[in-house]
Amino acid sequence: MKPEHDDTHNLPPLGHTTEPLASASEFNNTTDTSKWLTRSIGALAVVGAVGSGLMWAKLSGIQEQLARQSADTGSQAVEARVTSKQAEELARETAARLSVTDAKLSEVSLQRSQLEELMQSLSRSRDENLVVDIESAIRLAQQQAQLTGSVQPLLAALNSAEQRLTKVAQPRLAPVLRAVTRDIERIKATSVADTPALLFKLDELVRVVDTLPLLNAVGNAPQPKAAQPVPTTSWAKAISMSWWEKVWSDIWNDAQNLIRVSRIDKPEASMLAPDQSYFVRENLKLRLLNARLGLLARHFDVVQSDMKQANDDLAHYFDMQTRQGQTTLALAREVLAQSKQIEIPRVDDTIAALTTAAAGR
């Protein structure tokens, strides 16, 4: 095998040397070492070239892969930007719709609250108007009852209030309904003098005084005639009542009426002069009218005193044996018994319940 370079011409010329010839072997060893080094360097160069080629190929592949990934990443980034833009637009649209929905919801809530307040105000105003109407009607009826002395106006007002409250059927008005019912039952259970009826009876007494017979009246009470037997035959009918029998019967009846025998229990009535009968009747009328005024003024003591005196006058000066006298005396005694001092019942429970309901408690 020949060496790649021949360096023999660079050697110094042979001449006279003092070195021995034995240094040729060393020279050969040096040559071998340099060859080995040269080969090693060449092998390393080849390995480096191969490694560089492989590295270059690998780098080329990595570069291509990175280029593809970069392209994919760019396209994905573009798609992501488009998607994000669409999402942003959708979010804005959703936010706008949500804001509109919130506005509509708040408006509906406001309208609902206003409607509820309006319904409550209407219901409250209706109940308040009902309470005010009932209270005014009951107060007016109570005044009428105090003036007239009759509980009928008060009962009518309470019954009307009970019917109206029953139709409404509001829970907040239930205490008022219970109070009205209690007052109605209490008034019905109380015996109160019926002033209009008593006034009517007094007017009737004043009217019959002029026609009531006195005890000293003469010839006012006709005597009943004796019943004559009825003839059974036509011949008996023809001769039963002749003219002279009729004349005799008339004379006998007149003679009987000339004299009247009766028992005098009250001599002051019999001794009363005929011209004083007018004053007796007028005095009785005045007592009855005075009792009527006392009844209107709610002075029951005056009514009791006048009616007692009127009953005494009827018993002393008037004929109480007749049917008219008995009826008049019974009517006067009835007025005396019914004209008692009884206070008109008050409806304080109903008024208190109405006041509480009007205050909204």
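Q: What is the pLDDT like over residues 219–238?
A: This is a predicted model, and over residues 219–238 its pLDDT stays under 50. For that stretch the model has six contacts beyond four places in sequence.

Q: And what's the mean pLDDT of the chain?
A: The mean is 76, and 75% of the residues reach 70 or more. Residues 1–22 have a pLDDT below 50, and that stretch has three contacts in the model beyond near neighbours in sequence.

Q: OK, new topic: helices. At what angle do helix 3 and helix 11 pack?
A: About 170°, with the axes 8 Å apart. Helix 3 covers residues 174–189, and helix 11 covers residues 348–358.

Q: Why are they called roughly antiparallel?
A: Angles over 145 degrees count as roughly antiparallel, and helix 3 and helix 11 pack at about 170°, so the two are described that way.

Q: Which residues make the contact?
A: From helix 3 there are Pro175, Val176, Ala179, Val180, Arg182 and Asp183. Helix 11 brings Asp349, Thr350, Ala353, Leu354 and Ala357.

Q: How many of those are nonpolar, polar or charged?
A: The contact of helix 3 with helix 11 has seven nonpolar residues, one polar and three charged.

Q: Are Tyr278 and Phe279 buried or exposed?
A: Tyr278 is exposed, and Phe279 is exposed too.

Technical notes. Residues numbered from 1 in each chain as written. Predicted model: local features only at pLDDT ≥ 70, side-chain atom pairs only at ≥ 80, totals over all residues. Heavy atoms only, no water. pLDDT = per-residue confidence, 0-100. Contact = heavy atoms within 4.5 Å. Axes fitted to C-alpha atoms, helices over the stretch in contact; angles between N-to-C directions. Helix = DSSP H or I, 4+ residues; strand = E, 2+ residues; numbered from the N terminus. Parallel < 35°, antiparallel > 145°, perpendicular 65-115°, else oblique. Nonpolar A, V, L, I, M, F, W, Y, C, P; charged D, E, K, R; others polar. Buried < 20%, exposed > 50% of the residue type's maximum accessible area, 1.4 Å probe, protein only.
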